[in-house]
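Please look through the model below before reading the comments. They are arranged as numbered points for someone who has not seen it before.

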Amino acid sequence: MATLQSGITDEQAHDLLTTYNKDPFHVSHGETVGGLMRYFAAEYDPENEDFWYQVGLLHDLDWEMFDPELHTLKTAELLAEAGASPELAKSIQTHQSDLNPDLPAPELKMEKMLYASDELSGLITACVAMRPSKSVMDFNVKSLKKKFKTKSFAAGCNRDDIRRGAELNGLELDELFAMVIEGMKSFAPDKDTFGAE
């Protein structure tokens, strides 16, 4: 597979994240999805771990400060201003394509994993915040399935998007759940709270 160039360093990407996101939750979410994408890149596309990481880190770059109707469109502008490659913006925009048909749909494995990781990692974060340990390290698929079925829990996490993410990747829901939990465990310190207090 070809090496992908984002045009910016990981440090520059993180600086962009914290420039346009001041809410610790949004920063934490970006970091979590970035960590997951690096984890999945190690398996599927090891040459491009940094690119995958930046796609995850910056996928909601414009969410906090700009009109939600422009989600990922403004990100493309911000990334261009920062000297990032158009490929980086394109891969980020794919996770919004179901709400904006003018955007590219997920085609690359990286784009499909971004779609699968976004809402699901938010749901796992909400679950972990409710646990006595506040840690993902003792979290499992059984607990996640229970919360997934409870629609009133973390109602903002779109279950249909999570199902579609599994479908895009040719996975059963349980398989995707296990993969994302393991991914989060891979970079979470034992007492990490993922933005929870």
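The points below cover confidence, salt bridges and aromatic rings.

1. This is a predicted model, in which local features need pLDDT of at least 70 and side-chain atom pairs count only at pLDDT 80 or more, while totals for chains, interfaces and linings use all residues. Residues are numbered from 1 along each chain as its sequence is written, and side-chain values use heavy atoms, with hydrogens and water left out.

2. The average pLDDT (the predictor's confidence in each residue, from 0 to 100) is 94 for the protein, and 95% of the residues score at least 70. Where pLDDT is low, the predicted coordinates should not be read in detail.

3. Eight salt bridges are found in the whole structure, a salt bridge being a side-chain nitrogen of Lys or Arg within 4 Å of a carboxyl oxygen of Asp or Glu. One of them joins Asp10 to Arg38, at 2.8 Å from N to O. Asp10 belongs to helix α1 (residues 10-20) and Arg38 to helix α2 (residues 24-44), so the bridge ties together parts 28 residues apart in sequence. Helices are DSSP runs of H or I with at least four residues, numbered from the N terminus.

4. Is Asp10 buried or exposed? Asp10 counts as buried, at 18% relative accessibility, whereas Arg38 is partly exposed at 23%. Buried means under 20% relative accessible area, exposed over 50%, and partly exposed in between, using a 1.4 Å probe and protein chains only.

5. Asp174 and Lys145 form a salt bridge of 3.2 Å, N to O. Asp174 is in helix α9 (residues 173-187) and Lys145 in helix α7 (residues 141-149), so this pair links parts 29 residues apart in sequence. Asp174 is partly exposed at 37%, and Lys145 is partly exposed at 29%.

6. Within helix α9, Lys185 and Glu182 are three residues apart, about one helical turn. Their closest N and O atoms are 3.8 Å apart in a salt bridge. Salt bridges with shared partners also join Asp10, Arg38 and Asp50 into one network.

7. The charged end of Arg38 sits over the ring of Tyr53, 4.4 Å from its centre. Arg164 has its charged end over the ring of Tyr115, 4.9 Å from the centre. The criterion is NZ of Lys or CZ of Arg within 6 Å of the ring centre and within 35 degrees of the ring normal.

Methods
Helix = DSSP H or I, 4+ residues; strand = E, 2+ residues; numbered from the N terminus.
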